[in-house]
Amino acid sequence: MQSVKHIKEQLNHIRQEVEISAKNASRDPKDITLVAVSKTFPNEYIEIAYNDNQRVFGENKTQELSIKVPNLPNDIEWHMIGHLQSNKVKQAVELASYIHSVDSLKLLRRIDRIAGELNKKPKIFIEVNISGETSKFGTTKDEVTEMVKEAIHCENLELIGYMTMAPFGVDEEELRFVFSSLRKLRDEINNQLSIELKELSMGMSNDFKIAIEEGATFVRVGSSIFGKRSYQV
Ligand SMILES: *Cc1c(COP(=O)(O)O)cnc(C)c1O
C-alpha cells in the first residue's frame, strides 16, 4: 500500500509545514502541538509514526481507542477528538488524557464526576460551534462563558481551552473568520473572568496552516499524514 511507505515522509512534511506556518505568523513552533489523527488506520500505521517520535495521537471513537490503546506503547498521549456520548465517558476518561469535544454542561459534569471516581484528571477543551448551523456539535458562543465558569471550578478535570471544527468546503476568508473568532472568544472570556486559558484546538489537513496563522496551539491532522481513509467517519 502506497500510504504506508509514505507515512514517515508525510509526517515530516506536515511537521515542516507547521513550523513554516508558525514562523510566517511570527509564532514559536514549540507552541503548536501536532495531533496525528489515526482514526480508521491500523496500529501498524501508528507505529510508523511512533518510531519517528510522534507521541500525540487523536481518535474520534472510544470503541476504537479501546482496541488500540492496549496494543500500543503506553507513552502515547491519546486525544479524544470526536463527539462524546454520555455512556462513553468512562471509556474516554480511562483511555485518553485529553478530550477536545466537551460541548455541554451535562457532559462537563459527567466527565468531572467519572474522572473523580477513576482518579483521573483529563485536560479538556470546550467545543464551540462558531459557524452556527453548519456544524452538528458544539456549544453556542453564548453558552460558552457559563461552561467556562463551571469548568474552572471542576476538581477532576483541567480546562485548557477551546476547540472548533470549521465547516467543510468554505473559502479561506470564511476559515479565517471561524478560527479568528475562536481566538477572540478566548481572549474575551479571559478578560471577563480574569483567567488565562491558552489553548486553541483548530485546523485539520485542509486548513491547519490558516488555523496556525490565526492562533491554533493544537492542530488535528489525519489524512495528510496517514493517507486517504477507506471509509468516512
Ligand atoms: C478526522 C478528524 C480530524 C482530521 O481530519 P483530516 O482531514 O483527516 O486531517 C480532525 N478533527 C476531528 C474532530 C476529526 O474527526
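This is a predicted model: local features need pLDDT of at least 70, side-chain atom pairs count only at pLDDT 80 or more; totals for chains, interfaces and linings use all residues.
Two helix pairs that share helix H6 are considered at the outset. Helix H6, which spans residues 141-151, packs against helix H7, residues 172-193, at an angle of about 45°, and the axes of the two helices lie 11 Å apart. The crossing of H6 and H7 is right-handed. On the H6 side, the contact is formed by Lys-141, Val-144, Thr-145, Val-148 and Lys-149, which meet Leu-185, Ile-189, Gln-192 and Leu-193 of H7. Sorted by class, the residues in this contact of H6 with H7 comprise five nonpolar, two polar and two charged.

The other pair brings H6 together with helix H5, residues 105-118, where the axes come within 10 Å and cross at roughly 15°. Since angles under 35 degrees count as roughly parallel, H5 is assigned as roughly parallel to H6. Here too the helices pass in a right-handed crossing, as computed for H5 and H6. The residues that meet are Leu-105, Leu-108 and Arg-109 in H5 and Met-147, Glu-150 and Ala-151 in H6. The contact of H5 with H6 divides into four nonpolar and two charged residues, with no polar residue in it.

Backbone geometry is considered next, for two serines in loops. Ser-26 has a positive phi of about 55°, although this residue is not a glycine. Ser-26 is placed in the loop that links helix H1 (2-24) and strand E1 (33-37), and its relative accessibility of 70% means that Ser-26 counts as exposed. A positive phi is also found for Ser-194, again a residue other than glycine, with a value near 50°. Ser-194 belongs to the loop between H7 and strand E7 (199-201); with a relative accessible area of 67%, Ser-194 is likewise exposed.

The side chain of Lys-68 makes a polar contact of 2.7 Å with the side chain of Glu-64. When neighbours within four places in sequence are left aside, the contacts of Lys-68 are with Ser-38, Lys-39, Thr-40, Phe-41, Asn-43, Ile-46, Glu-59 and Trp-78.

Arg-186 is located in helix H7, and this arginine is also buried, its relative accessible area being 14%. The side chains of Arg-186 and Asp-187 are joined by a polar contact of 3.0 Å. Beyond the neighbours within four places in sequence, Arg-186 is in contact with Tyr-162, Leu-197, Lys-198 and Leu-200. Between Arg-186 and Gly-222, which are 36 residues apart in sequence, the C-alpha to C-alpha separation is 25 Å.

Val-56 lies in strand E2, residues 56-59, and is buried, with a relative accessible area of 12%. With residues up to four places away in sequence not counted, Val-56 touches Thr-33, Leu-34, Val-35, Ala-36, Glu-77 and His-79. Val-56 and Lys-30, separated by 26 residues in sequence, are 14 Å apart in space when the distance is taken from C-alpha to C-alpha.

Ile-48, by contrast, is a residue of helix H2, which covers residues 43-50, and is partly exposed, with a relative accessible area of 23%. Apart from neighbours within four places in sequence, Ile-48 is in contact with Val-4, Ile-7 and Lys-8. The C-alpha atoms of Ile-48 and Ser-104 are 36 Å apart in space, and the two residues are 56 residues apart in sequence.

Conventions:
Residues are numbered from 1 along each chain as its sequence is written. Side-chain values use heavy atoms; hydrogens and water are left out. Axes are lines fitted to C-alpha atoms, for helices over the stretch in contact, and angles run from 0 to 180 degrees between N-to-C directions. Helices (H or I, at least four residues) and strands (E, at least two) are DSSP runs, numbered from the N terminus. A crossing is left-handed if the near helix is turned anticlockwise from the far one by less than a right angle, and right-handed if clockwise. Contact means heavy atoms within 4.5 Å. Ala, Val, Leu, Ile, Met, Phe, Trp, Tyr, Cys and Pro count as nonpolar, Asp, Glu, Lys and Arg as charged, and the others, Gly among them, as polar. Buried means under 20% relative accessible area, exposed over 50%, partly exposed in between (1.4 Å probe, protein chains only). A polar contact is a pair of N or O atoms within 3.5 Å; within protein, one must be able to donate a hydrogen and the other to accept it, and residues adjacent in sequence count only if both atoms are side-chain atoms. Angles under 35 degrees count as roughly parallel, over 145 as roughly antiparallel, 65 to 115 as roughly perpendicular and the rest as oblique.
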